[in-house]
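Have the sequence and the structure open as you go.

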Amino acid sequence: MSNDTFKLSTGTLDVPETWEVRTQVTLLEPEDKALVDPKLPPPASPPRANLVISRHAAANTNPAEALRDFLKSSAREIPQFKLLGQESVEFHDGGQGESVALTFPATATVQLAQRHVFRVDDDTMTQIVITVDAYRVDELDTTLMELLKSFHP
């Protein structure tokens with residue numbers, strides 16, 4: 001697999017100065033790579049691994065605080081989520097982040113696994129979320145984590 005650097009850009013837009021600006025980019029693996037768990041009946045559309053990058057003005061001064069806030073809200077909003085573990089992340093550009101992995105039911109037959117990574121640069125919070133079907137959970141910390149670590153603002 002060869003890698004190409006993709007410059008993330010949102011363009012420009014004149015907005016009132018009182019508006020909050022948030023950006024989000026979603027990357028999806030090709031459909032033919034979205035493998036189906038052989039133990040389950042095939043879904044109408046197999047879940048594809050994806051990576052979502054969200055950026056906004058930082059309400060927290062460090063990634064650990066953002067991670068704590070995320071866990072508090074997740075416990076309220078997703079009562080069935082299971083925490084898999086937390087760890088620090090070093091990005092390829094030297095930036096530091098904090099991450100958490102979890103699983104939760106998306107539907108009656110689909111269980112998802114995610115790794116949420118938080119990074120603060122100057123006054124901007126970046127949250128990157130990797131999502132896979134739960135049977136692919138090992139990919140969160142291997143191939144997909146390496147892709148995530150290549151992010152730099």
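**Charged pairs, step by step**

Arg-119 is buried, its relative accessible area being 3%. Keep in mind that this is a predicted model. A search of the whole structure finds 7 salt bridges, and the exercises look at some of them.

**Exercise 1.** Find the salt-bridge partner of Arg-119 and say which parts the pair ties together.

*Solution.* Start with the contact: Arg-119 pairs with Asp-93, and their closest N and O atoms are 2.8 Å apart.

**Exercise 2.** Work out why the pair Arg-136 and Glu-29 ties together separate parts of the chain.

*Solution.* First, the side chains of these two residues form a salt bridge at 2.7 Å, N to O. Glu-29 belongs to the loop between β1 (22-28) and β2 (50-57), and Arg-136 to the loop between β6 (124-133) and α2 (143-149), so the parts joined are 107 residues apart in sequence. Both Arg-136 and Glu-29 are buried.

**Exercise 3.** Describe the salt bridge between Glu-146 and Lys-149.

*Solution.* The closest N and O atoms of this pair are 3.6 Å apart. Both residues lie in helix α2, 3 residues apart, which means about one helical turn separates them. Glu-146 is partly exposed, at 41% relative accessible area. Elsewhere, salt bridges with shared partners connect Glu-29, Arg-136 and Glu-139 in one network.

Notes: Residues numbered from 1 in each chain as written. Predicted model: local features only at pLDDT ≥ 70, side-chain atom pairs only at ≥ 80, totals over all residues. Heavy atoms only, no water. Salt bridge = Lys/Arg side-chain N within 4 Å of Asp/Glu carboxyl O. Helix = DSSP H or I, 4+ residues; strand = E, 2+ residues; numbered from the N terminus. Buried < 20%, exposed > 50% of the residue type's maximum accessible area, 1.4 Å probe, protein only.
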